[in-house]
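This report covers the fold of one chain, the confidence of the model and the contact between two chains.

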Amino acid sequence: MTTVDNNLDKLAGHGHHDEGSYLTPKYGPIGTVWDWMTTVDHKKIGVMYMFAVLFMFFLGGFAAIALRIELLEPARIIDGELTGAALKYFPGGGGENASIASAGNAYNRIMTMHGAIMVFMFIVPGIPASLGNFFLPLMLGAKDVAFPRLNLASWYVYVFGSMFGVLSIFMGGVDTGWTFYTPYSTTTAGQPQVIAMVLAAFILGFSSIFTGLNFIVTTHKLRAPGMGWFDMPLFIWAIYSTSIIQVLATPVIGITLLLLIFERVLQIGIFDPGLGGDPVLFQHFFWFYSHPVVYVMILPAMGIISEVLAVHCRKRIFGYRAIAFSSLAIAAISFLVWGHHMFTSQGELGAMIFSFLTFFVAIPTAVKVFNWIATLYKGSITFTTPMLYTFAFLFLFSIGGLTGLPLGALSTDLHLHDSYFVVAHFHYVMFGGTVIALLAGLHHWWPKFFGRMYHENGARLGCLLVFVGFNVTFFTQFFLGTQGMPRRYASYVDEFQIYHVISSIGSFTLAFGFVVHLIVFLHSMFLGEKATQNPWGGLTLEWETDTPPIEHNFHGDPVLTHGPYDFDEVVPPGWDPKDYPLPEPAPEGSKH
Amino acid sequence: MATIDTQHSKLPGTGDEKVSYWQKYKHGHHWRNADDEFDAAKIGIWLFLATEVLLFSGMFCAYALFRLMYPESIAAGSSYLDWRWGGLNTVVLLISSFTMAMAIRNVQLNQQFWARINLLITFFCAAGFLAIKLIFEYIPKWGQGKRPGALFNYPFAETSHESVWWGIYYVSTGIHATHVIGGMVLIAWLLVRQHKRHFGPTHYTMMEGVGLYWHIVDLVWIFLFPLLYLVH
């Protein structure tokens, strides 16, 4: 008979006979490592992405704490002695012979490291590549993503690109800020590491495109039988919208960064005004990618909130279609508002148009928030850690969104732009939105990931510390901004010190909260109690397989019998949906 | 794809040991059927083509902006290019696009010999394009000092920003040439797999994908040629 060759065997052969957990090692230690390194299983790739991304979060967070330590005290020369320059021992800081300029230099490099790592290596791939990779096929009832090998390639490209980023830090660091604005980034002296960092962002773009392309095709072609577009969980809608942005926006940053490298190496004169180029063209190119990418960061977070909220208050999500379409609307509008990052570097008419368009984003975003609030009404709310993080999200993200309005209005933005108000605003959206939602999702799906429960009260303590620490850190910065503290500065006038001290203390609390979470996760991995198949009583397909999922995801082909939020129809009164499997669905029309 | 008649091919399980890869190819384990797998691959390729269009659109934006800013420099730069070499290369690429499409058709009809001939012609057209570009355009111009940015030292420049023009010229045609080289690698890979009888009427996904990619490479040149060579 014909034998299938190895190439096909990789895709077609595994599973079927082996129905163990995807975590169960099948080979010896070296074989297992090799198995993970060459795996095409979306679950393993998701877990590898999760560890890589969280490691980058740790690096970026380390930089953030270093910045907050520097800002505890303004750098001053008192009696010929330099004080308040905590970063002078970092690369470029000058060490014992430090001056204010050299200490500021170290600050700029660490600030760039924080921004570039957090944006390109943590928050953009963060949710889609880790939770998305693991749960998108499971929620669709698929055995894998559409292109499993492309998925693995995406992880390797991510690691390769991140290595360039880390390399640029070891080469001495970059001081351009994560936006690489020209002409500074093309002329700043003697820095091959600028090229390394720009190349890192360029390479990471490929991994982003690979992931996005894979998810779009998977959503189109691999839904379980019976699953129409409006039977998909809202997390899938969010990831799908995210993927569209990733595929359509990332190539533009690709060409931009390529031109930036050519500009730096050959001085081709496209961006450098000294050679006849146009630096505003760089800003347009850069933000044409980087604004839509803000929604790559927040849309998956919104998807997580839709899932967690519905499951942890056991209620059909309010306005399913409104939430689904608002994801697509955000993706579409995201391409029309890039000019609000450069109000002062374009004509007045352009600024007015972009300001006007910017307010449109508020509409679908508010649609989501109101629908989530409406879902809570009369729900059976449980105060588990994922739900607590969901409340934190609603609170923090609303502040983040509402403080965007004065920044979108031209008259107020003139005073607030490039101040700490902007810093506070985008941290409320990026941290208060995305990271908080990532934590909600991590706790919600943690049992499915590793088959063990986490310590609920430990995680609640972590949540409290993160919430309080975050607000103390960044709410203070709204005051700093409105009083005139510009962003990106290593030092400041004495009047601001009290705010900076409060903000720094908040950041230490925040970091302590993450240490608590780390301990809870490690404790869970080794000592946590075994998780049941469906610990929260969710109705999406990932809860219908074993915990942790078997290598082939499902026993047999999953068939959709109920919608993702049909708690009223599927779960009889008095029945705890955690007691899986549920009884046969109630007959048509018998709503409770 | 599965609808194409395969009766003239030897089918698997007939005891014939010369059953080809494409005949026994089922589909990836995570697919329900081969049609879904093929459709998915096509959606994936089209999305990839969208990213290619957006990549080059950045270049076209830069071109448009600099045309507005320095029309006389762009016109002067354009006049240095010989439309005949550009035109010849356009013809070469158009022929290669045709033979690529023919190769896919040949595979669909299981005409393996002609598929190979057409792939070979496509490959050599791609090589010819690069050779013409290099020997008759890049090398002479570089030698005259018509170079991008800081390397520019053409002594007879009449307008102020010709170095920017050469920057745009070299970067846009260079990125395009990189895509041509990528295409050659892919076509060579197709030739190897075609030689091993990997493609046939029921399985030609890779051929189709590389074909679509090759057409977009052709299409980008169709836009670059008039913008760089013909518009004054």
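This is a predicted model: local features need pLDDT of at least 70, side-chain atom pairs count only at pLDDT 80 or more; totals for chains, interfaces and linings use all residues.

Residues are numbered from 1 along each chain as its sequence is written, and chains are lettered from A and ligands numbered from 1 in the order in which they are written.

Chain A contains 18 helices and 2 strands (DSSP runs, H or I of at least four residues for helices and E of at least two for strands, numbered from the N terminus). Its C-alpha atoms fill a box of roughly 80 × 60 × 50 Å along the principal axes. Of its 592 residues, 54% are buried (20 or more other C-beta atoms within 10 Å of the residue's own, with C-beta atoms placed from the backbone).

Confidence is given as pLDDT (the predictor's value for each residue, from 0 to 100).

| Part of chain A | Mean pLDDT |
|---|---|
| Helix H1 (residues 6-12), lowest | 42 |
| Helix H16 (residues 456-482), highest | 97 |

Between the chains, 32 residues of chain B are in contact with 35 residues of chain A (C-beta atoms, placed from the backbone, within 7 Å). Helix H2 (34-69) and helix H6 (162-195) of chain B are the elements that give two or more residues to the side of chain B that touches chain A. H2(B) gives the most, with 15 residues.

Note on methods:
Two residues are in contact if their C-beta atoms, placed from the backbone, lie within 7 Å. A residue is buried if 20 or more other C-beta atoms lie within 10 Å of its own, exposed if 12 or fewer, and partly exposed in between; C-beta atoms are placed from the backbone.
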